[in-house]
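Visitor: I have the coordinates open and a list of labels that I would like to trace back to their criteria. Could you walk me through them?
Guide: Gladly, let's take them one at a time.

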Amino acid sequence: MFKVVPLSIGAALLAATGFGAQTLTAATVYVGSCGPAKATSYNTIQQAVNASPAGSTVFVCPGTYPEQVTITRNLNLIGVQSGTADSAVITSPAGGVVPNTADLYDPPNYPVAAQVLVQHAQSVNIANIAVDGSNNLITGCAPDLRGIYYQNASGTLAAVATRNQTLATGLTGCQSGEGIFVQSGYGSTGDRKSVV
């Protein structure tokens with residue numbers, strides 16, 4: 001099940017905290033330097049995701065994060081406000097986005113470069129995060145650029161923004177570039193998908 005729900009920052013943080021409290025091994029970690037003095041902090045979102053057990057909450061401090069993020073376990077990824085700054089933005093890495101999965105249906109094994117890839121997890125909740133595809137450096141019709149891609153996964157999105165998931169000038173006929181793409185049935189005989 002996948003749903004997009006509008007939540008205030010406070011409600012999103014309460015939901016994230018409540019989810020984390022249900023799992024004994026869950027952790028609360030920060031990306032950046034806005035966390036409490038004794039909080040576990042990481043420099044990149046991917047480092048925090050990799051180090052966090054299922055059910056954890058990863059709070060992302062305001063800033064720009066040039067990376068592609070892959071999430072394969074249940075967790076909450078929440079952008080937080082710190083002082084007057086309130087924007088956590090995932091942007092294209094310096095070398096551009098690269099294929100990190102494949103779409104098995106349109107056409108089979110078509111390469112996909114997702115800026116945030118959520119795979120095979122049942123509850124990945126993302127809130128207060130922007131994903132910007134500017135400077136993606138894709139020079140052809142492939143790979144297909146996607147801002148947030150739930151592939152055989154589910155969760156919620158609240159107060160997220162995706163922008164600039166477009167290809168270079170002259171590639172407008174490629175039919176590539178989706179802000180949010182949700183696909184289930186991945187790896188099975190069914191093809192159920194939707195583009196938001």
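Visitor: Where is Pro143 found?
Guide: In this predicted model, Pro143 is found in the loop between β12 (129–132) and β13.

Visitor: Why is the peptide bond from Ala142 to Pro143 called cis?
Guide: The omega angle of that bond is near 0°, and this is the value that goes with the cis label.

Visitor: What makes the rings of Tyr149 and Phe181 a pair, and of which kind?
Guide: Ring centres must lie within 6.5 Å to pair, and planes over 60 degrees apart count as edge-to-face. The centres of Tyr149 and Phe181 are 5.5 Å apart and their planes stand at 80°, so this pair is edge-to-face. A search of the whole structure finds two aromatic pairs.

Visitor: How do you know that the charged end of Arg146 sits over the ring of Tyr149?
Guide: The test asks for CZ of Arg within 6 Å of the ring centre and within 35 degrees of the ring normal. For Tyr149 the distance to the centre is 4.5 Å. Arg146 also sits over the ring of Phe181, 3.8 Å from its centre.

Visitor: Why does His120 count as partly exposed?
Guide: Buried means under 20% relative accessible area and exposed means over 50%, with partly exposed in between. His120 has 47%, so the label is partly exposed. Ala159, with a relative accessible area of 47%, is partly exposed as well.

Visitor: What is the strand order of the open sheet of four strands?
Guide: The order is β5-β8-β12-β15, with parallel pairing. The twist averages 20° from one strand to the next.

Visitor: Why do β5 and β15 stand at the edges?
Guide: β5 (63–66) and β15 (161–163) each have a single partner strand, so one side of each is left without a neighbour in the sheet.

Visitor: How do you know that β5 and β8 pair?
Guide: Pairing needs at least two bridges. β5 and strand β8 (residues 88–91) have four, in the parallel sense, so they pass. Thr64 stands opposite Val89 in β8. β8 and β12 pair over three parallel bridges, with Val89 opposite Ala130 in β12. β12 and β15 also pair over three bridges in the parallel sense, and there Asp132 stands opposite Arg163 in β15.

Visitor: Which way do the residues of β12 point?
Guide: Ile129 and Val131 point one way, Ala130 and Asp132 the other way, and all are buried. In a regular strand the side chains alternate between the two faces of the sheet. β11 can be described likewise: Val124 and Ile126 point one way, Asn125 and Ala127 the other way, and all are buried.

Visitor: Which strands does β11 pair with?
Guide: Four bridges join strand β7 (residues 75–79) to β11 in parallel, with Asn76 opposite Asn125. β11 and β14 also pair in the parallel sense over four bridges, where Ala127 has Ala158 as its bridge partner.

Visitor: What makes a group of residues a nonpolar core?
Guide: The members are buried nonpolar residues joined through side-chain atoms within 4.5 Å. The largest core has 34 residues, and those with the most contacts inside it are Ile45, Val60, Leu77, Ile126 and Tyr150. Leaving aside neighbours within four places in sequence, the contacts of Leu77 include Ile45, Val60, Ile126 and Ile129. A second, separate core has seven residues, including Val97, Leu145, Leu171 and Cys174.

Conventions: Residues are numbered from 1 along each chain as its sequence is written. This is a predicted model: local features need pLDDT of at least 70, side-chain atom pairs count only at pLDDT 80 or more; totals for chains, interfaces and linings use all residues. Side-chain values use heavy atoms; hydrogens and water are left out. Helices (H or I, at least four residues) and strands (E, at least two) are DSSP runs, numbered from the N terminus. Axes are lines fitted to C-alpha atoms, for helices over the stretch in contact, and angles run from 0 to 180 degrees between N-to-C directions. Buried means under 20% relative accessible area, exposed over 50%, partly exposed in between (1.4 Å probe, protein chains only). Contact means heavy atoms within 4.5 Å. Rings of Phe, Tyr and Trp (its six-membered ring) pair if their centres lie within 6.5 Å; planes under 30 degrees apart count as stacked, over 60 as edge-to-face and the rest as tilted.
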